[in-house]
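Trainee: I'd like to learn how to read the cavities in a model. Can you walk me through them?

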Amino acid sequence: MTTETDLIRNIALVGHQGNGKTTLAEAMLFRAGVVTRPGRVESGNTVLDTQPEEHDRTQSLTLGLASFSWGDYRINLLDPPGYADFVGDATTALRVADVAVFVIDGVSGLQVNDELLWQVAGERSIPRILFVNKMDKERASFDVVLAGIRDHFGSGVEPVDLPVGEASAFTGVADLLTEHVILYDSGSANTSDELPADIADREHEQHEHLVEDVVEIEDDLLSKYLDGEDISVAELEHALRAGFAAGSLWPVLCGSAVDAIAVDRLLDFVCRIAPASSEVPGIEVRGDGVAKVRGDGVAKVRGDGVAEVRCDPSGDPLAYVFKTQTDEYVGQVALVKILSGTVHADDVLVNQRTGAKERLHNLLRVLGSKHTAIDTAEAGDIVGAIKLTDVSTGDTLAPIGSSLTVPPIVHRRPVYGIAVAAESAGDEDKLATALAELVSDDPTLEVTRDSETHQTVVRGAGDVHVQVALTRLKRRYGITLQTEPVKIAYRETLLGTVETEGRHKKQSGGHGQFGVATVRFEPLPRDEGYEFVDETRGGVIPKSLIPAVGKGIAESMGRGGRHGFPLVDLRATVLDGKHHSVDSDDFSFRMAGALALRAAIDKVGTLVLEPVDHVEVTVPSALQGDVMADLGRRRGQIEGTEPAGDGEVTVIASVPTSEVTDYPVALRSMTHGRGRLALSFKCYQERPEPR
């Protein structure tokens with residue numbers, strides 16, 4: 001029997017690498033009775049870190065899903081990586097979750113990725129809870145961390161817990177709503193209304209602050225408070241829930257994931273306070289005309305082609321594939337959120353990207369790498385599906401005849417690349433298939449084939465992202481790879497105007513080969529390409545053979561100039577020539593055109609052109625000078641700066657591509673992970689001669 005939609009809680013655990021998200025997930029599974037003992041990241045035996053690469057690096061590298069019961073509730077727990085290179089998975093988790101739990105290090109406090117992901121969650125208006133972890137560690141300080149959180153995120157940050165003891169003496173939490181204390185001894189929790197003497201006064205003071213802040217959320221409650229009436233815990237919770245759902249209040253709890261202290265408290269709090277899937281605003285989808293309507297699931301499509309889908313189990317079925325993963329035993333597993341309706345095993349839906357029908361042969365309850373078959377899934381639920389024909393991350397599965405599509409997540413363009421090739425010729429086709437599957441699973445990766453350098457380039461958010469992808473590729477597909485730096489696609493152009501003659505003559509018995517062309521070559525402005533002009537008179541070259549001259553020049557341009565780079569930005573004007581009635585043919589005049597160009601190169605020489613990128617670097621304002629100085633050392637031309645909000649600035653520059661191939665790694669080091677980079681090709685310009 002499926003879980004009721006209003007009892008589903010979709011939770012994303014997010015935060016900086018090393019804050020203990022996966023350990024917290026293990027503690028939740030332990031408290032829920034799913035596992036008999038929590039796994040450890042260092043031991044490689046956690047439920048959610050299932051990939052060998054994660055065991056080798058002792059860190060999460062891909063989005064994990066664990067679905068389990070907590071009392072009457074169904075928890076779908078999403079655990080994305082905390083490392084900055086894998087922010088795409090964190091963004092995906094925040095797209096499908098209904099609440100975000102930010103796991104904060106109780107020793108280090110707020111860190112870079114905590115702040116960046118807070119912005120992402122804010123853009124989606126997702127309700128947020130903060131869980132200050134590691135309160136059992138030396139130098140942990142709830143007060144210091146709370147002050148830092150408030151400094152960065154504002155007055156809406158509201159503690160609802162106080163720690164009882166710190167470091168090795170941390171034994172539980174005081175609930176500021178109920179004024180009860182929950183103490184843990186050998187894994188069991190005991191609740192009491194007798195507060196420890198050393199925190200009683202502070203707890204009462206903080207309780208009053210919480211009440212004062214919470215009653216302001218509801219006018220009736222505020223009036224009651226001002227009239228001196230008592231406010232019940234139920235009334236406080238109701239107001240707290242309203243402020244939390246509205247995004248005006250962000251509760252702060254604390255505990256220890258390693259010792260599973262206050263983890264059950266966190267789960268209870270999420271189930272009581274967080275909105276159900278049925279209570280969150282509908283998701284916007286795109287479509288044509290009027291959608292088929294049943295229940296409250298799909299609203300009428302507006303004139304701008306946008307509709308709103310409400311989370312209603314009686315509506316038409318609509319599902320979003322937010323992640324695909326490859327399992328060595330069952331093949332591809334599609335992680336799917338049911339946005340509307342009720343989906344049954346063997347239902348047929350249409351993949352809106354391909355237009356193909358997809359039969360949902362198997363629906364799965366997912367617990368890391370373990371799967372349990374289920375018959376149905378209602379709106380709001382997150383499940384797995386296998387044996388689908390052709391689905392990719394970001395696909396929409398809709399009823400036959402529906403035009404509704406969930407807009408894809410727009411990720412930042414990948415900025416770090418490495419060239420790859422199969423070591424053996426027999427693996428080349430296999431490599432192409434493997435790379436396509438990698439990108440299907442992880443759309444934040446990009447694979448391109450450069451026609452100029454003849455390299456296959458894999459690009460990702462950073463060096464770790466790309467290295468992990470290639471390691472995974474080798475393991476899954478057994479391909480031995482060769483890697484090398486990405487080559488720079490330099491070009492050449494003529495240094496000046498010149499007139500030359502190309503003469504091709506060959507006699508070897510029978511019909512010979514003969515063609516003469518006089519051509520004027522002129523360099524063109526940047527990015528003007530190749531222009532061929534015919535100014536011959538009197539039929540010196542037959543009209544049918546004139547194009548052959550231009551074709552020969554174009555082919556020779558592709559073969560490169562003095563430095564071996566393709567020639568560009570060139571006008572070739574054929575002025576004169578000679579032909580033979582028997583020996584002249586298309587090939588002869590192609591050769592004549594090519595020889596004319598080689599002669600021009602020898603006469604006037606060429607200029608090497610290098611590609612230049614448009615670079616945008618967003619950093620805290622305090623780092624602006626360092627970034628500008630570094631770009632200057634990389635031969636960059638600073639074009640300006642723009643405020644980026646939240647104390648950040650975007651530096652805009654033009655920088656030679658050769659100078660930014662390693663820049664993503666250097667920027668991370670220089671800014672301690674606070675810099676964000678966007679690169680795009682801008683133009684070609686003259687490369688300075690080496691000194």
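**Reading the cavities**

Mentor: The lining of the largest cavity splits into 6 nonpolar, 7 polar and 7 charged residues (Ala, Val, Leu, Ile, Met, Phe, Trp, Tyr, Cys and Pro are nonpolar; Asp, Glu, Lys and Arg are charged; the others, Gly among them, are polar). Keep in mind that this is a predicted model, where local features need pLDDT of at least 70 and side-chain atom pairs pLDDT 80 or more, while totals for chains, interfaces and linings use all residues. Numbering starts from 1 along each chain, and side-chain values use heavy atoms, without hydrogens or water.

Trainee: How many cavities of 30 Å³ or more does the structure hold?

Mentor: Rolling a probe the size of a water molecule over the atoms shows where empty space is left. A cavity is a set of points on a 1 Å grid over the protein atoms alone where a 1.4 Å probe fits but cannot get out, and lining residues have an atom within 4 Å of a point. Here there are 3 of 30 Å³ or more, and the largest takes in about 210 Å³ (the space filled by probe spheres set on the points, which are joined across faces, edges and corners). Its lining has 20 residues, with Thr62, Asp89, Lys323, Asp442 and Arg472 closest to the centre.

Trainee: Which element gives the most to that lining of the largest cavity?

Mentor: Helix 11, with 4 residues (helices are DSSP runs of H or I, at least four residues; strands are E, at least two; both numbered from the N terminus).

Trainee: And what lines the second largest cavity?

Mentor: Its volume is about 50 Å³, and its lining includes Asp89, Lys323 and His411. Helix 3 supplies the largest share, 3 residues.

Terms used
On a 1 Å grid over the protein atoms alone, a cavity is a set of points where a 1.4 Å probe fits but cannot get out, and a pocket is an open set with protein on both sides within 12 Å along at least five of seven lines; lining residues have an atom within 4 Å of a point.
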